[in-house]
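Work through the exercises below with the sequence and the model open side by side. Each task is followed by a solution in steps.

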Amino acid sequence: MKDKIPSTPETIMNVLGIGTDIIECLRIAHMIERHGELFINRVYTPHEIRYCQSRKQATQHFAGRWAAKEAILKALGTGWRKGISWRDIEIRNDPGGKPVVGLRGGARDMVEKLGIREMLVSISHCRSHATAYALALGAEVPPTPKRKELLHAARLSMGTSLGVAIRAP
Ligand SMILES: CC(C)(COP(=O)(O)OP(=O)(O)OC[C@H]1O[C@@H](n2cnc3c(N)ncnc32)[C@H](O)[C@@H]1OP(=O)(O)O)[C@@H](O)C(=O)NCCC(=O)NCCS
């Protein structure tokens, strides 16, 4: 990544946006029932469709991705009106199952405009609901002299473990 500031216990993670969403799985099931492939192909990328359809509880995974896309949109702070389509946001899973966000088209343009370097997402689902939480991160910020001073004072009064609580290395 360009111009990356080396992480130290003092660098500040620059949170540019957060977003969350919750959806009833039944609502997604009804959309699929009513609109079939028209709905699925409008909202999900081919990779997402393959992933969800390969799982036993496909609807829950579709609902999880719906919630993730809405949460990411909230973290961007934009609406669907700003030229972003559902398929501009893709959720993939790493080999351990962790969801990873891929952005393209209008979503990618917006991320670049806002200076977002990384978009993190977490998804959860059960029979009734799916929920997701997204975090938009900008470039790490170097510590200001004032912040260094405050951290130093806090460590002195509360012990060195506070440094870990403030920012994990
Ligand atoms: C991650 C874990 C806690 C999920 O909890 P759960 O209660 O079973 O399921 P939830 O509905 O809350 O969450 C499911 C979502 O968790 C996310 N998830 C799965 N593995 C994850 C991981 N390693 N890290 C972060 N998120 C993960 C996925 O987005 C998944 O939804 P998706 O498959 O639709 O993308 C559980 O699956 C677990 O302990 N996994 C350990 C990792 C593992 O066994 N990996 C096997 C391959 S190495």
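**Exercise 1. The ligand shell**

Which element supplies the largest share of the shell around the ligand?

Solution. The model is predicted, and local features need pLDDT of at least 70, side-chain atom pairs count only at pLDDT 80 or more, and totals for chains, interfaces and linings use all residues. Residues are numbered from 1 along each chain as its sequence is written.

Step 1. List the shell. A residue belongs near a molecule or strand if its C-beta atom, placed from the backbone, lies within 6 Å of it. The residues around the ligand are His-61, Gly-64, Asn-93, Gly-96, Gly-97, Lys-98, Pro-99, Ile-123, Ser-124 and His-125.

Step 2. Assign elements. Helices (H or I, at least four residues) and strands (E, at least two) are DSSP runs numbered from the N terminus. At least two shell residues come from each of α3 (58–76) and β4 (118–125). The largest share, 3 residues, belongs to β4.

Step 3. Sort by class. Ala, Val, Leu, Ile, Met, Phe, Trp, Tyr, Cys and Pro count as nonpolar, Asp, Glu, Lys and Arg as charged, and the others, Gly among them, as polar. The shell then splits into 7 polar, 2 nonpolar and 1 charged residue.

**Exercise 2. The chain as a whole**

State how many helices and strands the protein chain has, and give their order.

Solution. Step 1. The protein chain has 6 helices and 5 strands.

Step 1. Along the sequence they follow the pattern β-α-α-α-β-β-α-β-β-α-α.

Step 2. Count burial. A residue is buried if 20 or more other C-beta atoms lie within 10 Å of its own, exposed if 12 or fewer, and partly exposed in between, with C-beta atoms placed from the backbone. Of the 169 residues in the protein chain, 26% are buried.

Step 3. Look at contact range. Two residues are in contact if their C-beta atoms, placed from the backbone, lie within 7 Å. Among contacts with a separation of 6 or more, 65% join residues 24 or more positions apart.

**Exercise 3. Helices against α3**

Describe how α1 and α2 pack on α3.

Solution. Step 1. Axes are lines fitted to C-alpha atoms, for helices over the stretch in contact, and angles run from 0 to 180 degrees between N-to-C directions. The axes of α1 (residues 25–43) and α3 come within 10 Å and cross at roughly 75 degrees.

Step 1. α1 and α3 are therefore roughly perpendicular; angles under 35 degrees count as roughly parallel, over 145 as roughly antiparallel, 65 to 115 as roughly perpendicular and the rest as oblique.

Step 2. Cys-25, Ile-28, Ala-29 and Val-43 of α1 meet Thr-59, Gln-60, Phe-62, Ala-63 and Trp-66 of α3. This contact has 7 nonpolar, 2 polar and no charged residues.

Step 3. For α2 (residues 46–53), the angle with α3 is about 145 degrees and the axes are 8 Å apart. Here Glu-48, Tyr-51, Cys-52 and Gln-53 of α2 meet Ala-58, His-61, Phe-62 and Arg-65 of α3. The classes are 4 nonpolar, 2 polar and 2 charged.
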